[in-house]
Amino acid sequence: MAEEAAVRAQAEVVRRLKHDKADPDEIAKEVAKLLEMKAQLGGDEGKHKFVLKTPKGTRDYSPKQMAIRERVFNAIISCFKRHGAEVIDTPVFELKETLTGKYGEDSKLIYDLKDQGGELLSLRYDLTVPFARYLAMNKITNIKRYHIAKVYRRDNPAMTRGRYREFYQCTSAALGWVFQCHFTCVTYTGSGTFLTEAALAQLPQDFDIAGQFDPMIPDAECLKIVHEILSDLQLGDFLIKVNDRRILDGMFAVCGVPDSKFRTICSSVDKLDKVPWEEVRGEMVGEKGLSPEAADHIGEYVQLHGGLELIERLLQDPKLSQNKLAKEGLGDMKLLFEYLTLFGITGKISFDLSLARGLDYYTGVIFEAVLLQQENEHVEEPVSVGSVAGGGRYDGLVGMFDPKGRKVPCVGVSIGIERIFSILEQRVEASEEKIRTTETQVLVASAQKKLLEERLKLIAELWDAGIKAEVLYKKNPKLLNQLQYCEDTGIPLVAIVGEQELKDGVVKLRVVATREEVNVRRESLVEEIRMRTSHP
C-alpha cells in the first residue's frame with residue numbers, strides 16, 4: 001500500500017537524521033510526523049489509534065524537573081517579596097480586542113480561540129497587557145506587583161533552547177505612580193513588558209511598578225532585581241544591556257529615517273545580537289526601503305556600547321544633542337547610571353544602542369539580560385539559550401484601556417524561567433547531581449512484624465505536629481526495604497518502632513547518611529526531628 005510505503009520512507013528519514021546527529025528539533029519534528037502517519041494508517045481490526053504525545057511546543061515535567069523548577073520559582077518570588085511586591089492573577093484568555101495592536105510584528109503569534117457564538121477571545125501573549133487592562137478596569141494608579149503564570153505564543157518552538165508555545169512568565173509591578181517590574185520566566189519575553197522577540201519569548205516571571213514616581217528610581221530597582229535574581233541562581237557570568245526608546249527614536253530621526261518606518265527599522269536593529277551589521281543593513285535597505293545613507297548613519301550609532309562615559313559623549317553629539325527626544329533619553333540614562341552606581345551593579349550593566357525591543361508599547365528605558373558564559377566545569381560548551389530576562393518602561397499602555405485616557409506610568413521586568421530552567425536542567429544532568437523530589441523529613445518504620453497499628457499511630461502524631469513524614473503501604477515491610485527507600489528518595493531520618501522501644505516509651509531515630517542511631521523519648525521526637533532537619 002502507498003500509505004505503508006510512505007511510513008517506511010519517513011522512518012528512513014528519521015533513521016538518517018539520527019545517524020547524522022542532526023538538530024534535535026528537526027529530529028523531533030520528523031519523529032512526530034512519523035507517529036502521525038502511523039496513527040493515520042490504523043490497525044487491521046479497525047481500532048482507533050492515537051499518538052501519545054504532547055502538542056508541539058509543550059512538554060510534561062517529571063517530579064525531578066519540577067523540583068528544579070520550584071527552586072527557581074522560590075528564588076525569584078523571595079526576591080520580589082524582598083522588594084515589597086504584591087501578587088495578582090488574571091484570566092488565561094482575554095478579549096481579542098484587548099490584545100490586538102499591542103505587540104507590533106509579534107501580534108501574529110497570538111493564539112485566537114474558536115468563536116463559540118459569544119465573545120471573541122485570545123490566549124494571553126504576555127502578562128503585561130492583561131496587567132494594564134487590570135489597572136485601567138479597577139482604576140488603580142499605584143501598585144507594585146508580581147505575577148507568575150503561563151502565557152501562549154504561536155511561534156516555531158526550539159525546545160532544546162528553552163523556547164515553547166506554552167511557558168511561564170514571572171512579572172512584578174508597582175503602581176501609584178506606577179513602577180512595574182516584570183520578571184518573565186524563559187520561555188520568550190517574559191511578561192511581555194520588555195522582550196519583543198522570540199528570543200526573550202520564554203520569560204515566565206514578572207515584576208512591575210506602576211505610578212507617578214521621580215525619574216529612574218523604579219527603573220533602577222527593576223535592574224537591581226534582575227541582578228539579584230541572576231546572581232542568586234548562579235547561572236554564570238551575565239550582562240544587562242540598557243537603552244531607551246526615546247534615544248532610539250531620536251537616533252532614527254537624525255539619521256533620516258521616516259516616522260512611518262521607525263518601528264519596522266527598530267525591529268531590524270533588534271536583530272544585531274544574532275546577525276552581523278551587514279545583514280541587518282541589507283534588510284533595512286533591501287526589504288524595508290530605507291535609503292543606504294540613512295542605514296549607514298544608523299550603523300555609526302548602533303554599534304556603540306559602554307557606560308557613563310559613552311552617555312556623556314552622546315550628550316555632546318552634534319546631531320543627537322539637537323533632538324529633544326534623544327536628549328531627554330540620554331539625560332534619564334545618565335541619572336539611571338548614577339543610581340545603579342549607588343546600588344553597586346554598574347559592572348554588569350552596559351548602555352547598548354543596538355538594544356531595540358520591538359514591542360509597540362515601550363516608551364522609555366528598555367533592558368535585556370544575557371548570559372555571557374556558563375561557569376560549569378561539567379559542560380565545555382555554553383548552553384545556547386539566548387536572553388534570560390528583559391523589561392522596560394511603558395507609560396502609555398494603561399491609558400489605551402482607560403475611557404478617559406488617563407496614563408499610569410509603568411516599568412517592569414520579566415525573568416525567562418523556561419530558559420533558566422533549561423540551563424539548570426542540563427547542568428544537573430551533566431553533574432549527575434541527585435535531586436530530591438519530596439520534602440519528607442522522616443520515614444516511620446518498624447523492625448518486626450505486626451506493628452502496622454503502631455506505625456500509623458506514630459505517623460499520625462507526626463503529621464498533626466506538622467512533620468513531613470511517610471510510611472510504606474505494607475503491613476509487614478522488611479526493615480532493609482524501608483531503609484533502602486530512604487536511600488533512594490533522600491529521606492534523611494528513619495523513626496523505628498519495635499517491641500522493645502514501645503515498652504521503653506522511646507523511638508529509635510536513625511540518621512540515614514551516617515547510620516547513627518539514638519533512642520529518643522516519644523514526647524521529644526517531634527522537636528528532635530525538627531532540630532535535625534532544620535537548615536541554618
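Trainee: Is Val-51 buried, partly exposed or exposed?
Mentor: In this predicted model, Val-51 has a relative accessible area of 24%. Buried would need under 20%, and exposed over 50%. Val-51 is therefore partly exposed.

Trainee: Which residues is Val-51 in contact with, leaving aside its neighbours within four places in sequence?
Mentor: Val-51 sits in the loop that lies between helix H2 (24–41) and helix H3 (63–82). Its C-alpha atom is separated by 9.4 Å from that of Gln-40, 11 residues apart along the chain. With those neighbours left aside, the contacts of Val-51 are Leu-35, Glu-36 and Ala-39.

Trainee: Let's turn to strand E13. Which residue in E14 does Gly-391 stand opposite?
Mentor: Strand E13 (residues 387–393) is mostly covered, with seven of its seven residues buried. E13 and strand E14 (residues 410–415) run antiparallel, joined by five bridges. In E14, the residue opposite Gly-391 is Val-413.

Trainee: How far apart are the end C-alpha atoms of helix H14?
Mentor: Helix H14 (residues 452–464) has 13 residues, and at 1.5 Å a residue they should span 18 Å. The distance between its end C-alpha atoms agrees with this: 18 Å.

Trainee: Within what arc do the buried residues of H14 fall?
Mentor: The buried residues in H14 are Arg-455, Leu-458, Ile-459 and Leu-462. Seen down the helix axis, the buried residues keep within a limited arc, so they line one face of H14. On the other side, Glu-453 and Asp-464 are exposed.

Notes
Residues are numbered from 1 along each chain as its sequence is written. This is a predicted model: local features need pLDDT of at least 70, side-chain atom pairs count only at pLDDT 80 or more; totals for chains, interfaces and linings use all residues. Side-chain values use heavy atoms; hydrogens and water are left out. Helices (H or I, at least four residues) and strands (E, at least two) are DSSP runs, numbered from the N terminus. Buried means under 20% relative accessible area, exposed over 50%, partly exposed in between (1.4 Å probe, protein chains only). Contact means heavy atoms within 4.5 Å. Two strands pair if DSSP finds at least two bridges between them. The expected span of a helix is 1.5 Å times one less than its number of residues. The arc is that of the directions from the helix axis to the C-beta atoms.
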